[in-house]
Amino acid sequence: MKLNGNFQNLEQSYLFVTIAKKVNEYTAAHPENNLIRMGIGDVTLPLAPVVIQAMHKATDEMAKKETFRGYSPDSSGYPFLREAIAGYYQSLGVSVEPGEVFVGDGAKSDVGNIVDIFDNANTILVPDPVYPVYVDTNVMAGRKIAYADANMENGFLPMPEAGQSADIVYICSPNNPTGAVYNRDQLQAWVDYALEREAVILFDAAYESFVSPGLPRSIFEIPGAERCAIEFCSLSKTAGFTGMRCGYTVIKKELAFEGVSVAKLWERRQGSKFNGVNYVTQRAAEAVFSPEGIRQTQEAVAYYKGNAQVMVQAMRDMGLWFTGGENSPYVWFQCPEGKSGWEYFDYLLNEKEIVGTPGEGFGKNGGGCMRLSAFGDTEKTKEAMERIKRG
Ligand code: MLT
């Protein structure tokens with residue numbers, strides 16, 4: 001018996017696990033602490049009232065023999081939810097059919113599992129810095145990874161380069177960790193690149209609800225994307241579902257390689273390895289896409305965007321280079337005094353009792369940078385910025 005040796009090539013622990021360990025050590029040593037957590041992008045506001053109502057109703061259904069539900073009829077989601085999500089796309093001006101929507105337990109799982117359907121010999125292109133899941137899942141499978149440099153010069157939005165060959169391209173916009181967002185022309189350049197090379201774009205839209213009008217929320221707003229892209233989205237940040245677990249993947253019927261439908265392969269993969277999201281959560285997710293659900297969840301997004309504005313203003317006051325915060329719950333900035341991200345992380349934790357995420361955790365180009373999350377409480381966000389500004 002041999003273990004998968006590729007696991008030896010992973011970082012020792014997942015970034016947010018490492019950070020949680022450091023924070024636990026600090027709180028154990030300082031039980032009276034006044035810590036402000038701006039590290040992992042975890043939501044703090046409760047679920048919207050319409051979502052809670054839908055869950056109560058669905059739970060009652062599960063309590064009666066006549067309305068009880070066992071296995072979901074389809075691992076890709078109940079028709080009511082697939083229809084609601086397709087309707088949401090229509091509202092963005094994007095044509096998506098319910099059958100092109102695949103409900104899952106969050107973007108992290110789907111974006112990690114999708115690589116099952118692609119050959120291991122493919123070359124992967126990921127931006128650096130990057131959400132660690134894209135790298136880790138490919139390292140686990142022993143795939144060759146190339147990096148697209150994101151840096152201050154390109155505003156942390158790398159563009160395709162002549163001569164750069166890739167079969168699978170990861171794009172996250174608004175970006176995690178940098179908060180930078182691609183405009184329509186930039187995304188069109190990536191779509192053209194993928195079509196020319198017969199590559200596939202894995203587009204992570206988990207933060208789409210933070211995008212202000214005028215910028216694209218979905219890769220499918222870009223002509224040609226239906227033939228080269230898969231979109232992953234999540235209700236984690238849109239509707240506070242980080243603990244509920246529900247997301248969706250959209251694969252258009254036009255997406256095919258070597259005459260094989262990608263959607264069919266994904267459905268086949270999910271049919272073998274996944275039994276669907278639980279019924280109560282799917283009813284909760286359906287409520288998110290109702291007119292009242294959209295209104296209520298956007299209120300929460302507006303609250304977090306308000307926090308991001310507080311952070312953006314603090315960056316301006318301190319004269320620090322930053323990106324994000326406008327169309328994203330993350331602000332990404334250059335650490336003062338040339339500190340590395342980890343040095344600044346330790347400084348913030350020990351001197352200011354603030355938890356951030358060091359840029360190095362997202363790749364070498366994250367060196368010297370720090371990510372702060374706007375998913376906290378507004379008063380605490382203000383307090384954190386005051387603590388940082390005091391120096
Ligand atoms: C993050 O902080 O980068 C995210 O919360 C992680 C995730 O969505 O899995």
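Residues are numbered from 1 along each chain as its sequence is written, and side-chain values use heavy atoms, with hydrogens and water left out. As this is a predicted model, local features need pLDDT of at least 70 and side-chain atom pairs count only at pLDDT 80 or more, while totals for chains, interfaces and linings use all residues.

Let's start at the ligand. Its surroundings are F16, I40, G41, Y131, N176, Y207, K237, Y330 and R371, where a residue makes the list if one of its heavy atoms lies within 4 Å of the molecule. By class, that shell has five nonpolar, two polar and two charged residues; here Ala, Val, Leu, Ile, Met, Phe, Trp, Tyr, Cys and Pro count as nonpolar, Asp, Glu, Lys and Arg as charged, and the others, Gly among them, as polar. At least three shell residues come from each of domain 1 (12-47 + 293-390) and domain 2 (49-290), with the bounds taken from an automatic or database domain assignment.

Now for the polar contacts, meaning pairs of N or O atoms within 3.5 Å. G41 uses a backbone N or O atom, 2.6 Å from a ligand oxygen. R371 brings a side-chain N or O atom to 2.7 Å from an oxygen of the ligand, and for the side chain of N176 the distance is 2.8 Å. On its own the ligand has 270 Å² of accessible area, and the protein covers 84% of this (Shrake-Rupley method, 1.4 Å probe).

P177 is in the loop between β5 (168-172) and α6 (184-197); helices (H or I, at least four residues) and strands (E, at least two) are DSSP runs, numbered from the N terminus. Another cis bond leads from D128 to P129, with omega near 10°, and P129 is in the loop between β3 and α5. E198, in the loop between α6 and β6 (200-204), has a positive phi near 55°. For context, most residues other than glycine have a negative phi, and most peptide bonds are trans.

On to the strands, which pair if DSSP finds at least two bridges between them. β3 (residues 123-128) and β4 (residues 144-149) run parallel, joined by six bridges, and L125 stands opposite A146 in β4. From β3 the chain crosses through α5 (residues 132-140) to β4 in a right-handed β-α-β crossover, that is, clockwise over the helix from the first strand to the second, with the strands pointing away from the viewer.

Elsewhere, four strands form an open sheet in the order β11-β12-β15-β14, with antiparallel pairing. β11 (322-324) and β14 (357-358) are its edge strands, each pairing on one side only. Two bridges link β14 to β15 (residues 369-373), and P358 has M370 in β15 as its bridge partner.

Technical notes:
Polar contact = N/O pair within 3.5 Å; in protein donor to acceptor, adjacent residues only side chain to side chain.
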